[in-house]
Amino acid sequence: MTAARIGIIGVGPRGLTVLERIIANERQQRSGDIEVVLFDPNVPGPGCHDPGQSDIHLVNTVAGQLTVFADASVVDAGPLMNGPSFFQWLQEQSSSGANGPLTPSRATPDAYYARGLFGRYLQWAFRYVSALAPPHVKIILKKTSVNRAHREDDGAWVLETPDAQIRVNYLFLTTGHTKPAKPPKVVPPRSAAQRRDTLVVDDPYPIQRKLAPITPDMSVAVEGMGLTTFDVVAELTVGRGGRFTAGAAPGELKYVRSGREPRIILFSRSGIPLSARAVNQKGVSNQYRARFLFADKLRELRAQRKLDFVADVLPLLVADMEYAYYDAYLRERGDAVTAVLFCNQLSGADASHRQALIARHVPVEDRFCWDRLAAPVPGHALAGQEGFRRWLTGYLRHDVQEARKGNLDSPLKAACDVLRDLRDNLRAAIEFGGLTEASHRWVLSEFMPIMNRLAVGPPQSRISEMLALMEAGVLQADFGPGATCQAAPPGGRMRLSATQWAGHSTEVDALVRARISMHSPKDDASPLLQGLLHDGYVRLYRNGGLHPGGIEIDRNHNWVADNGSTIANAWALGIPTEGIKFCTFVVPRPGVNSTALVDAGRAVGHLLASIRSGRSGHALKPASALPTEAEASAYASLYGAC
Ligand SMILES: Cc1cc2nc3c(=O)[nH]c(=O)nc-3n(C[C@H](O)[C@H](O)[C@H](O)COP(=O)(O)OP(=O)(O)OC[C@H]3O[C@@H](n4cnc5c(N)ncnc54)[C@H](O)[C@@H]3O)c2cc1C
């Protein structure tokens with residue numbers, strides 16, 4: 001009997017979870033002889049977490065909350081195959097003395113470690129998973145890109161690499177972060193005397209090489225104040241020989257210049273950076289459990305009509321944030337019993353009774369306010385540059401203080417962490433066209449930036465570092481919300497200007513666009529995605545007239561072809577599906593029924609059932625075969641239904 005051949009294009013964390021699920025299943029029950037052919041031009045496992053990058057770049061998740069292995073919390077994803085989380089792996093490395101200079105002698109689950117080290121964990125996990133493959137599963141690694149995929153008449157896929165054509169019966173697309181077609185502009189600098197135009201870096205990764213042309217005499221505008229910006233700042237400061245020392249107060253740092261730093265100016269639409277992650281007090285898998293935003297209720301409503309996020313979802317989400325806030329607020333005042341009584345009353349009350357209850361117990365100035373979180377810059381801070389700078393410094397110091405209290409004990413951080421903990425409930429509302437087109441647009445343009453700023457920021461140390469760099473005069477972030485960097489007149493340099501107040505502008509020598517591209521597959525540089533679209537094997541996902549990104553898939557993660565039928569032997573997971581799915585760019589967390597593992601388990605379950613049934617698996621299914629909302633709910637978060 002010939003082996004069933006499975007192609008996996010892209011072996012980052014997503015491709016790795018597909019491989020892990022195949023092997024875990026096959027160790028328990030043999031589906032047939034299988035060959036898994038893995039394609040990636042890079043080392044298998046790490047994906048975008050380059051193991052060779054400088055250790056100054058950190059993951060933004062604590063080590064205990066990162067894994068690629070399924071566990072008992074993962075619903076319907078197949079059998080378990082134990083494997084260590086990132087923290088457990090680090091611990092093992094430390095005790096075997098294999099950590100080298102990369103980790104402290106004892107790893108802790110609540111620390112943020114180097115992304116390069118995380119890449120090494122993923123590399124190790126690939127080898128570990130491969131070594132556990134039973135004899136009937138053969139793993140073949142092709143260190144190359146797939147540039148084209150086309151189907152033969154019998155439904156098999158022929159994958160074209162630069163130097164071969166390989167036939168597979170089943171295909172997984174897990175290509176993750178790809179580059180947009182427009183080539184990044186890096187204009188090499190000339191000597192200072194000659195240099196008149198501005199160096200523009202559209203994509204700062206790989207960061208050391210891309211930022212190498214930035215010299216100490218330059219002024220660098222950095223567009224965006226998200227996670228990529230913290231990488232850029234680290235590279236241009238510590239990466240240039242500077243260092244941080246402890247300041248006088250807890251959490252305070254001082255920056256010692258090396259003299260090789262350029263002048264750095266940050267600007268963005270909001271004018272403020274992402275908020276600091278609070279000290280983790282939730283262990284590996286504790287999460288806030290919904291009291292208002294129940295996934296089941298959202299699904300019931302979705303079965304009747306499309307949702308309006310602002311009317312149907314946001315009030316419930318805010319109620320859950322209020323709950324977490326007041327619980328921490330009352331406990332902070334030393335009254336745990338009142339906190340419990342208050343929260344019990346809160347969760348049983350309707351909106352008007354909740355407000356009455358809050359009015360009775362909490363002074364106005366201490367109350368939770370979503371509007372203030374969403375738009376924190378007060379009017380008085382926008383009067384001028386000096387006032388904004390003072391306000392921003394105070395805002396960042398307060399953020400550090402709250403982050404140091406922890407994600408359960410700080411009222412502010414407990415509330416913001418709800419956004420992260422209830423992400424699966426938000427998925428229940430948003431994914432697979434749950435929102436009206438207008439509401440979906442609003443979520444992408446307004447809600448997502450707020451959610452990212454409040455809930456998925458950098459470790460607290462990064463905000464302390466930012467304050468130290470501001471104090472040392474190395475970094476400015478005082479151009480206010482909505483500042484712009486305007487195109488230069490021919491032969492001139494670009495100019496960064498504040499829009500909130502007049503007359504505040506400066507010429508810059510370099511502009512770094514510090515964003516990770518979330519471009520549409522139609523704008524992808526890769527001939528693979530372009531070809532799949534061109535040949536009609538996939539189509540862009542659209543919610544009405546909106547294309548939020550990504551390709552269309554059904555709930556089993558099978559591709560939806562241009563003619564609307566699903567392709568039963570091809571699946572896509574992760575970033576190529578961001579659009580119909582929500583927040584696909586996260587690494588699984590242990591013990592929380594992680595969506596990435598659920599998705600991989602589900603797709604692999606269908607793959608192996610097809611192999612077992614002896615079907616070639618290439619038939620086209622009509623689109624009406626999509627599972628219902630009720631069937632889909634079986635795959636929802638463990639916590640969504642509480
Ligand atoms: C700079 C950066 C930092 C991040 N930091 C964090 C973090 O700290 N914590 C966190 O949870 N998430 C982080 N993320 C989010 C990231 O999406 C996930 O961590 C995770 O890497 C996603 O896994 P993936 O496999 O979907 O994609 P990727 O990690 O991008 O892996 C995709 C793989 O597919 C390969 N590939 C692409 N096209 C082809 C092709 N045509 N043929 C063959 N192979 C191909 C690539 O070489 C790559 O190895 C970060 C992302 C970036 C870009």
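I take domain bounds from an automatic or database domain assignment. The model is predicted: local features need pLDDT of at least 70, side-chain atom pairs count only at pLDDT 80 or more, and totals for chains, interfaces and linings use all residues. Residues are numbered from 1 along each chain as its sequence is written.

**Domains.** I looked up the division of the protein chain and found domain 1 (4-180 + 518-633), domain 2 (199-273 + 459-513) and domain 3 (295-451). The centres of domain 2 and domain 3, taken over C-alpha atoms, are separated by 30 Å. I noted 19 residues from domain 2 and 18 residues from domain 3 in the contact, where two residues are in contact if their C-beta atoms, placed from the backbone, lie within 7 Å.

**Whole chain.** I recorded 18 helices and 20 strands in the protein chain; helices (H or I, at least four residues) and strands (E, at least two) are DSSP runs, numbered from the N terminus. Along its principal axes the C-alpha trace spans about 75 × 70 × 55 Å. I then checked burial: 48% of the 642 residues are buried, that is, have 20 or more other C-beta atoms within 10 Å of their own, with C-beta atoms placed from the backbone.

**Helix H3.** I compared the span of H3 (residues 115-131) with expectation: its 17 residues at 1.5 Å a residue should span 24 Å, and the end C-alpha atoms are 24 Å apart, which agrees. The expected span is 1.5 Å times one less than the number of residues. Among the buried residues of H3 I listed Arg115, Phe118, Leu122 and Val129.

Conventions:
Buried ≥ 20, exposed ≤ 12 C-beta atoms within 10 Å, placed from the backbone.
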